[in-house]
Amino acid sequence: MKRKLTWQGPFRNKYHGRARYGRFMAYLLALITFMATVLYGAPYSQVQAASGPRMSAVVGLNGFYDRYGWVPVELRFDNVSLTASAVVSVQVNAAFDATRNAAGALEWSVPLERGRVTTREISVPGWVVYSNAVVDCLVNNEVVAQTRLSGNELGKVAFVGVLSGRAEAAQFLTGSTDGAGGLPVLPMTFGANSLPTNANLLQSLTAVVASPDELADMNTAHREGLLEWVKLGGLLLVTGTSPSPPAWEARILPLLAGPSHNAPGALFAHFAGTASAPPKPVGVSVAGARSEAHVWAGNGTTPLIAALSVGRGTVVQTAFTPTESSLISWSNNTSLWTQLLGRATDQPQSALPPKLTAQPLDSLASASAVLAPLRVPSLPFWAVIFVVYAAFVGPILFIVLRRFRVEPWAWIVLPLISLLTTLGMYSFGVKERPQGLLTEGVGVFDLVGDGTAEGYGVRSFMSPSISPVDVSSSGQMMVLPLSQSDIHSLNSATVYHGTFTVVHYPQVGRWTVHDVISSGAVLNQGQVDLQLWSTSKHLSGIVRNDTPYELHDVALCWNGKLVEVGDMTPGTVITIGKTTVVASASGSYLTAYSAYNHDLTRGIGRSLSNFVAETNLMHGSTDTTDVMMIATTTDRTPGLASVVSDLRTSSDHSLVLVREFGKVTIYPSIGVTIQ
């Protein structure tokens with residue numbers, strides 16, 4: 001029998017052994033992977049499953065947002081199967097201007113409870129939504145849920161919110177504009193308690209429309225947020241009257257409720273500026289207007305539309321409802337609301353902060369240019385040093401070497417003198433360089449007159465060494481960190497939102513500039529009490545500083561004049577009379593005030609002055625019954641954050657412009673004696 005021939009190559013045994021070894025290692029690796037999964041993977045999977053809630057987001061106001069403003073976002077957590085303290089985080093990374101980037105993370109804590117639906121309100125810059133950023137929910141530093149931000153960007157429209165549970169309640173504004181030739185109105189309905197409670201987050205709204213009943217249905221938090229927004233410069237339009245409004249509502253309504261009766265259509269046509277009137281008389285319910293209210297439409301016995309100033313804002317009320325059949329069938333109904341909104345939306349005294357755009361915020365941030373890591377001596381000092389050096393290495397050295405007949409030593413002495421001079425100048429520079437933090441801050445503090453105020457500003461700083469730094473606000477502010485775009489940052493900043501808003505920098509580079517933009521509304525800030533009157537062309541009265549801040553170079557802008565009051569510590573009372581210095585401000589209140597307060601013409605004051613010019617903050621009023629108080633303070637005010645670090649501070653300068661508006665009582669110029 002023949003043997004079957006098989007190939008027995010010289011390498012068969014060698015590769016056969018390797019194959020068995022390979023299979024053995026594969027089995028061993030599989031066993032190790034299985035054990036690692038059992039010992040470590042199972043608990044991790046349980047944590048993920050147990051702590052992984054479902055997170056969703058409602059962006060802006062009914063999905064609409066302003067790309068260049070702060071946008072409210074409501075996060076909703078359901079399917080929560082673990083009680084834990086979670087953190088939601090949003091990464092911010094975008095160019096703010098040509099030299100600065102907005103970079104860092106915005107974080108909020110969220111207590112999650114097993115089996116309970118939790119909501120959390122946060123706020124992010126509009127361009128974060130525009131870029132469809134992702135919100136992370138973290139538990140124990142592990143991402144357990146994510147959601148992407150998206151919404152509808154507001155274009156060139158007047159966004160008006162109508163408080164109502166009926167979607168059709170906003171239809172009466174369709175087709176109207178915010179004045180003749182103005183922006184088209186985009187009306188949107190909201191529930192009575194669905195708007196943000198933070199006044200600054202209502203800034204994208206042109207106006208809020210509500211009936212007295214809808215206002216009465218608001219809870220305390222939403223009511224206070226709406227009133228705070230009005231006080232800072234918002235517009236509230238109340239449609240109709242109520243016979244028995246709540247006390248808080250009665251204090252802000254300009255019309256007095258009365259029996260129902262019909263008003264002639266000609267009054268409506270006159271206000272709307274149209275030839276045709278409503279086809280039938282319009283039903284109204286009004287008894288009159290408050291003495292301090294301004295009647296816009298109607299007559300003394302039947303006021304149809306009246307306005308009342310509330311802080312920096314306005315409450316406008318109509319004696320009729322938009323659903324009146326005579327108005328709905330009127331062909332010029334849209335002209336009525338266009339005229340009303342056009343007259344009401346002009347709020348030159350608004351205290352609300354500017355949008356998150358390079359202009360005009362670059363003017364405030366430019367104060368960082370004053371930060372100087374090296375103090376350069378004066379030119380006369382360097383002139384003396386140069387003369388001494390030139391004399392020593394020139395004639396003095398030549399005479400000495402020649403006296404001792406050692407001229408060849410010049411080859412050694414001259415380089416040695418140059419070396420010692422270089423070392424001396426370097427040591428001098430090191431000594432002159434500051435050893436601590438340098439920080440500058442500029443901002444605006446707008447007082448409403450009842451303790452409410454709006455503060456905003458930019459804090460800039462640089463550190464002499466690589467170290468952690470915190471920038472803390474005095475309340476719950478909206479904060480955005482900026483860094484230089486041409487310098488690599490060691491770490492990104494993290495903004496923690498809690499009782500206070502804190503920006504934490506784990507490490508900042510040596511002599512790199514960082515900026516922090518902050519803004520927010522605050523309470524219990526006092527006021528500058530203005531009790532002023534005028535006879536003929538002269539202003540008289542009393543000014544009292546009831547704020548906790550020391551005010552410098554207080555002045556009153558009135559009737560084209562700058563009344564110089566002086567410095568005022570808390571509690572100071574100054575009488576305005578014939579001896580008070582008055583300067584002409586016919587050209588510009590800013591020019592006149594800068595000549596009076598020289599802090600605005602030097603150092604960081606120049607940045608503040610440029611910002612005031614760009615935003616027209618010192619425009620004032622041409623009405624002799626209006627007066628604007630302006631001053632500056634170096635005290636720490638809300639809205640301007642402060643730097644906290646273990647490093648000592650070598651330089652810390654702040655300058656804040658303080659504003660408040662008041663009223664002047666006008667007396668006849670003849671036969672009046674002021675005691």
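Tutor: Strands themselves are DSSP runs of E with at least two residues, while helices are runs of H or I with at least four, and both are numbered from the N terminus. This is a predicted model, in which local features need pLDDT of at least 70 and side-chain atom pairs count only at pLDDT 80 or more, whereas totals for chains, interfaces and linings use all residues. Residues are numbered from 1 along each chain as its sequence is written, and side-chain values use heavy atoms, with hydrogens and water left out.

Now for the part I would like you to look at closely. Seven strands form an open sheet in the order 11-10-12-13-20-19-18, and the pairing is mixed. Here strand 11 and strand 18 (294-298) stand at the edges, each with a single partner strand, so one side of each is left without a neighbour in the sheet. Neighbouring strands are turned by 20° against each other on average, with direction ignored. Follow strand 10 and strand 11: they pair in the parallel sense over six bridges, and V160 stands opposite P187 in strand 11.

Helices lie against this sheet. Helix 4 (residues 220-231) packs on it, touching strand 12 (207-210), strand 13 (235-239), strand 19 (303-310) and strand 20 (313-318). The direction of helix 4 makes about 110° with that of strand 20. Helix 8 lies across strands 11, 12, 13, 18, 19 and 20, and runs at about 155° to strand 20.

Next, look at the rings. Rings of Phe, Tyr and Trp (its six-membered ring) pair if their centres lie within 6.5 Å; planes under 30 degrees apart count as stacked, over 60 as edge-to-face and the rest as tilted. By this rule there are nine aromatic pairs. In one of them, F159 and F190, the ring centres are 6.4 Å apart and the planes stand at 70°, so the pair is edge-to-face. F159 belongs to strand 10 (residues 158-163) and F190 to strand 11 (residues 185-190), so this pair ties together parts 31 residues apart in sequence. Both F159 and F190 are buried, where buried means under 20% relative accessible area, exposed over 50%, and partly exposed in between (1.4 Å probe, protein chains only).

F172 and W337 form another edge-to-face pair, with 4.8 Å between centres and 65° between planes. F172 sits in the loop between strand 10 and strand 11, and W337 in helix 8 (residues 333-344), so the pair links parts that are 165 residues apart in sequence. F172 and W337 are both buried. Ring pairs also bring F268 and F320 into a cluster with F172 and W337.

Most residues other than glycine have a negative phi, and most peptide bonds are trans. The bond from Q359 to P360, however, is cis, with omega near 15°, and P360 is found in helix 9 (residues 358-365). W511 has a positive phi, near 55°, and lies in the loop between strand 26 (501-508) and strand 27 (514-522). W511 counts as buried because its relative accessibility is 14%. The phi of N524 is also positive, near 60°, but N524 counts as exposed because its relative accessibility is 73%.

Finally, step back to the whole. The protein chain has 13 helices and 36 strands, and 47% of its 675 residues count as buried. With contact meaning heavy atoms within 4.5 Å, 72% of the contacts between residues at least 6 apart in sequence join residues at least 24 apart.

Note on methods
Pairing = 2+ DSSP bridges. Axes fitted to C-alpha atoms, helices over the stretch in contact; angles between N-to-C directions.
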